[in-house]
Amino acid sequence: MPYIVVPGIWDKYSHNPKVDSEGFVERGALGAVIFGDTVYPVMVGDSGPRYKMGEASLIVAKMANEKASGTYRAITGPKATYIVFPNTGKLGSEAAQPDFDSIQTEVRSRIDEMVTSGESANFHSWKLSYPK
């Protein structure tokens, strides 16, 4: 599952319920990791320490470095960019098994809106399936 972990301070559910949660991120929200010249669509899988960013599932990490493992970092330093689209959690979490084609289409549409006219992003397409 291609996912990222966002800082806990972004987590919609870690805040005081009396505080407006507009703009915070929930699990299942859509996003993208940009590494090199490629955009990788992802979902928010969890939140971590309040002010730390950079964790991703192994499938995402291996796109950056095939040697990545639970004990070997995919990259060091600020070489990847994470983009998260707030208020998209329902798009990524409506079904027990996410519809990756729909998720990738939605992320691509949102990224294309951000790209300067005439430019095109190199967009990775996940080929994922679940056992039946």
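How many bridges join S2 to strand S4, and in which direction do the two strands run relative to each other? In this predicted model, six bridges join S2 to S4 (residues 80-85), and the two strands run antiparallel. An antiparallel arrangement, again with six bridges, also joins S2 (residues 30-35) to strand S3 (residues 38-47).

The largest nonpolar core comprises twelve residues, among them Ile 4, Val 33, Tyr 40, Val 60, Tyr 82 and Trp 126. At least two residues of this core are supplied by each of strand S1 (3-6), S3 and S4, and the largest share, three residues, comes from S3. With its neighbours within four places in sequence left aside, Val 33 is in contact with residues including Ile 4, Tyr 40, Val 42, Val 60 and Tyr 82. Apart from this core lies another, of eleven residues, which include Leu 30, Phe 85, Ile 103 and Phe 123.

Helix H3 (residues 100-114) has 15 residues and should, at 1.5 Å a residue, span 21 Å, which agrees with the 21 Å separating its end C-alpha atoms. Within H3, Phe 100, Ile 103, Gln 104, Val 107 and Ile 111 are buried; because these residues cover an arc of only 95° around the axis, they lie on the same side of H3. Asp 101, Thr 105 and Glu 113, by contrast, are exposed on the other side of the helix.

Conventions
Residues numbered from 1 in each chain as written. Predicted model: local features only at pLDDT ≥ 70, side-chain atom pairs only at ≥ 80, totals over all residues. Heavy atoms only, no water. Pairing = 2+ DSSP bridges. Helix = DSSP H or I, 4+ residues; strand = E, 2+ residues; numbered from the N terminus. Expected span 1.5 Å × (residues − 1). Buried < 20%, exposed > 50% of the residue type's maximum accessible area, 1.4 Å probe, protein only. Arc of directions from axis to C-beta. Core = buried A, V, L, I, M, F, W, Y, C linked by side-chain atoms within 4.5 Å. Contact = heavy atoms within 4.5 Å.
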